[in-house]
Amino acid sequence: MNAKKIAGLVGIALVLFFVIAQPGNAANLVSNIVDFLRESAEAVITFVSNVFTS
(Lines give C-alpha, C1' and ligand atoms only; values in the text may rest on other atoms or scores of the structure.)
Protein backbone atom coordinates (compact mmCIF):
# COMPACT_ATOMS: atom_id res chain seq x y z
CA MET A 1 0.00 0.00 0.00
CA ASN A 2 1.19 3.48 -0.66
CA ALA A 3 1.42 6.18 1.99
CA LYS A 4 -1.40 8.27 0.47
CA LYS A 5 -3.89 5.42 0.76
CA ILE A 6 -2.82 4.63 4.33
CA ALA A 7 -3.13 8.30 5.33
CA GLY A 8 -6.63 8.41 3.84
CA LEU A 9 -7.72 5.31 5.74
CA VAL A 10 -6.27 6.66 8.99
CA GLY A 11 -8.10 9.95 8.43
CA ILE A 12 -11.40 8.17 7.85
CA ALA A 13 -10.84 6.06 10.97
CA LEU A 14 -10.19 9.17 13.07
CA VAL A 15 -13.34 10.87 11.79
CA LEU A 16 -15.43 7.79 12.54
CA PHE A 17 -13.92 7.53 16.03
CA PHE A 18 -14.72 11.20 16.70
CA VAL A 19 -18.31 10.80 15.49
CA ILE A 20 -18.83 7.65 17.57
CA ALA A 21 -17.06 8.91 20.71
CA GLN A 22 -18.49 12.44 20.74
CA PRO A 23 -21.52 12.72 18.45
CA GLY A 24 -22.69 16.01 19.97
CA ASN A 25 -19.35 17.73 19.39
CA ALA A 26 -19.12 16.26 15.90
CA ALA A 27 -22.58 17.62 15.06
CA ASN A 28 -21.64 21.06 16.39
CA LEU A 29 -18.46 21.03 14.30
CA VAL A 30 -20.36 20.15 11.13
CA SER A 31 -22.96 22.81 11.92
CA ASN A 32 -20.25 25.44 12.38
CA ILE A 33 -18.62 24.47 9.07
CA VAL A 34 -21.95 24.68 7.23
CA ASP A 35 -22.70 28.07 8.81
CA PHE A 36 -19.26 29.36 7.78
CA LEU A 37 -19.76 28.19 4.19
CA ARG A 38 -23.24 29.74 4.04
CA GLU A 39 -22.03 33.08 5.40
CA SER A 40 -19.10 33.05 2.98
CA ALA A 41 -21.39 32.39 0.03
CA GLU A 42 -23.72 35.19 1.12
CA ALA A 43 -20.75 37.58 1.37
CA VAL A 44 -19.60 36.68 -2.14
CA ILE A 45 -23.12 37.14 -3.51
CA THR A 46 -23.40 40.53 -1.81
CA PHE A 47 -20.02 41.59 -3.19
CA VAL A 48 -20.86 40.52 -6.75
CA SER A 49 -24.29 42.16 -6.66
CA ASN A 50 -22.76 45.39 -5.37
CA VAL A 51 -20.12 45.35 -8.12
CA PHE A 52 -22.75 45.01 -10.86
CA THR A 53 -25.31 47.43 -9.40
CA SER A 54 -22.87 50.28 -8.76
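Is leucine 14 buried or exposed? Let's take that up in the second view, after a look at the whole chain.

**View 1. The whole protein chain, shown as a predicted model.** Here you can follow 2 helices and 0 strands. The C-alpha atoms fill a box of roughly 55 × 30 × 5 Å along the principal axes. The radius of gyration is 18 Å, whereas a compact globule of 54 residues would have one near 10 Å.

**View 2. Leucine 14 in helix H1.** This leucine sits within helix H1, which covers residues 3-21. Leucine 14 is exposed, because its relative accessible area is 55%, and the cut-off for exposed is over 50%. Leucine 37 lies 23 residues away along the chain, and the C-alpha atoms of leucine 14 and leucine 37 are separated by 23 Å.

**View 3. Aspartate 35 and arginine 38 in helix H2.** The closest N and O atoms of this salt bridge are 3.8 Å apart. Both residues belong to helix H2 (residues 23-53), with 3 residues, about one turn of the helix, between their positions. Aspartate 35 is partly exposed at 29% relative accessible area, and arginine 38 is partly exposed at 41%.

**View 4. Glutamate 42 joins in.** Glutamate 42 and arginine 38 meet in a salt bridge of 3.4 Å, N to O. They are 4 residues apart in helix H2, so about one helical turn separates them. Glutamate 42 counts as partly exposed, at 42% relative accessibility. Through shared partners, salt bridges join Asp35, Arg38 and Glu42 into one network.

How values were computed: Residues numbered from 1 in each chain as written. Predicted model: local features only at pLDDT ≥ 70, side-chain atom pairs only at ≥ 80, totals over all residues. Heavy atoms only, no water. Rg over C-alpha atoms; globule rule 2.2 N^0.38 Å. Buried < 20%, exposed > 50% of the residue type's maximum accessible area, 1.4 Å probe, protein only. Salt bridge = Lys/Arg side-chain N within 4 Å of Asp/Glu carboxyl O.
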